[in-house]
Amino acid sequence: MSRATQTALVRDDRTVYEAVAAGTVGLAGLSFAIGLAALLNIVAIDDPVAGVELSVAFGAILVTLGVSVVGFGVASRLGYVDTGAQPSAGIVAAVAFTGIWFAVGILIAGAIGLGMGGRFGVGAIVGGIAFATTTLSREDVGSTAPAGAVAALGGLLLVSGVVGPGWEQVLAGYNATLFGDTVVPLVVLFASLVTGWSAAKAYGGFGARGRNVGAYVLIYLVVGSILAVLVGLVAFVTVKGLPGLFRGFSVGGTGLVRWPFLTNGAGLLADIAGVFPALVGTVWLVIGAVLFAVPTGVGAAVFLSEYAEQGRFTGAVEVATNGLWSTPSIVFGLFGAAFLIPRFGNQKSLIAGMLTLGFMLLPLVLITSREAILAVPDEYRDASAALGVSKWQTIRSVVLPAAIPGVTTGVILGVGRIAGETAPILLTMGGGVLPAKSAAPDVLGSFQLSGSPPFVSNPALLEATSALPYQLYALITAGLSGNIQNPQEFAWGLALTLLLVVLVFYSIGIATRYYFRQKLHQ
């Protein structure tokens, strides 16, 4: 046979091989998506599919994926297709498969009744076999055999009905029980993820290209699952909250729009209970925290980036700032209760809540502002200095405008955190759980001038105020309902309102960032 004919045959085989591998990747992605839907209870594992339960269909798919993946490795190893497989799958894959099969060995040993020592012994043996298979075999076999075996084993358990609807396993000593409704989707998700990665490597012909394709598929599946959970969460809250949010809503009549849920309080005299005082309190809470944290954080970032010498001091500040951002919110709440409340009349108040959340927001604003300022090219500063502009004028007119998009990004992320915090509000600001409409803080209309220091006062800032997270917490945990006709519907409507408030602040921040980016590139 001539070389040209052999090349054509290899090319044809390679094309079929890639097509089958691509189909396997697609099947793994579809299985992953349906498994995620089953985990979120969108579909049930006992729903009929082609005359069988979904769990059995899942098992058949996993067996198909496992056999296909192993077949890709064998076909490459025997030379039926031309691939660029390396001598070994690498230490990362070896460690991953060792951990996977170590866990599988422990589960199998536990299922047959072995003790703790026996479980770890079986796990170590099975994990060692997986490690040897991955490291000592060529990349095509080392990347496919362990992955395919995992999927095939999980598929056989589902097809045979060993694990399925109604299955449960009591974990002795842990006071917990595993149920099939949870275990089956998790098995499908994990097996689909592993086989999708392995099939993607086969599609890429192993080697460097195969590793890149496998990494891309792995990342796409993980990111897709995160986005699906996010969209599902928002959709779930929206569906649950719409009836409460639009309760009593009408257009026309005596007013242009009547929306009692957003314009009423939850007092005894309200015909339909609403969240107006908590909504206003949340808005002022976020505005106050931003007004405190942004100027302070940006000013500190300017000093650390433009004036302070890089050394131990700036390094210590950076470490402390990162530590503060990761500090639990309850710690900030205790700080506000111990340090701020005694300085504002020894009572909970709106300004104590503002400052507490402002301190929570401050580390992120400082971190992102500093990074944004450092990202401004030095050529901008040099060009401004060459024109005889002072350093402060350069910072104010050149550096800060260029850094504003990055600063805004930090503020957006921070607002998303502080707007939903409950512990700091509970300790520093919490007012009535079901306040009347008159309890809404009138911050703008409460400023008073005086002839003695501090010359300006605002009683509304010194009063305890309710907020959406605090009110939702009280409704769920304390079971307080007052005159609310349907507390559960009201609570879901309140949760949706809080979500919408956060999204509105996000939108304002994104619009601000877009505006300054457009202005910067004009």
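**Aromatic contacts around F249**

F249 is partly exposed, with a relative accessible area of 31%, in this predicted model. Its ring pairs with that of W259: the two centres are 4.9 Å apart and the planes meet at 70°, so the arrangement is edge-to-face, given that planes over 60 degrees apart fall in that class. F249 belongs to the loop between α7 (207-245) and β5 (250-251), while W259 belongs to the loop between β6 (257-258) and α8 (260-263); the pair therefore ties together parts that are 10 residues apart in sequence. W259 is itself partly exposed, at 24% relative accessibility; buried would require a value under 20%.

A pair of aromatic rings is described by the distance of the centres and the angle of the planes. The structure contains 13 aromatic pairs. One of them joins F249 to F246, again edge-to-face, with 5.3 Å from centre to centre and 85° between the planes. F246 is partly exposed as well, with a relative accessible area of 36%. F249 thus takes part in a pair with F246 and in a pair with W259.

Elsewhere, F292, F335, F339 and F359 make up one aromatic cluster.

Aromatic rings also meet charged side chains. K391 places its charged end over the ring of Y307, at 4.8 Å from the ring centre. R417 has its charged end over the ring of W325, at 4.7 Å from the centre of that ring.

Notes:
Residues numbered from 1 in each chain as written. Predicted model: local features only at pLDDT ≥ 70, side-chain atom pairs only at ≥ 80, totals over all residues. Heavy atoms only, no water. Phe/Tyr/Trp six-rings, centres within 6.5 Å; stacked < 30°, edge-to-face > 60°. Buried < 20%, exposed > 50% of the residue type's maximum accessible area, 1.4 Å probe, protein only. Helix = DSSP H or I, 4+ residues; strand = E, 2+ residues; numbered from the N terminus. Lys NZ or Arg CZ within 6 Å of the ring centre and 35° of its normal.
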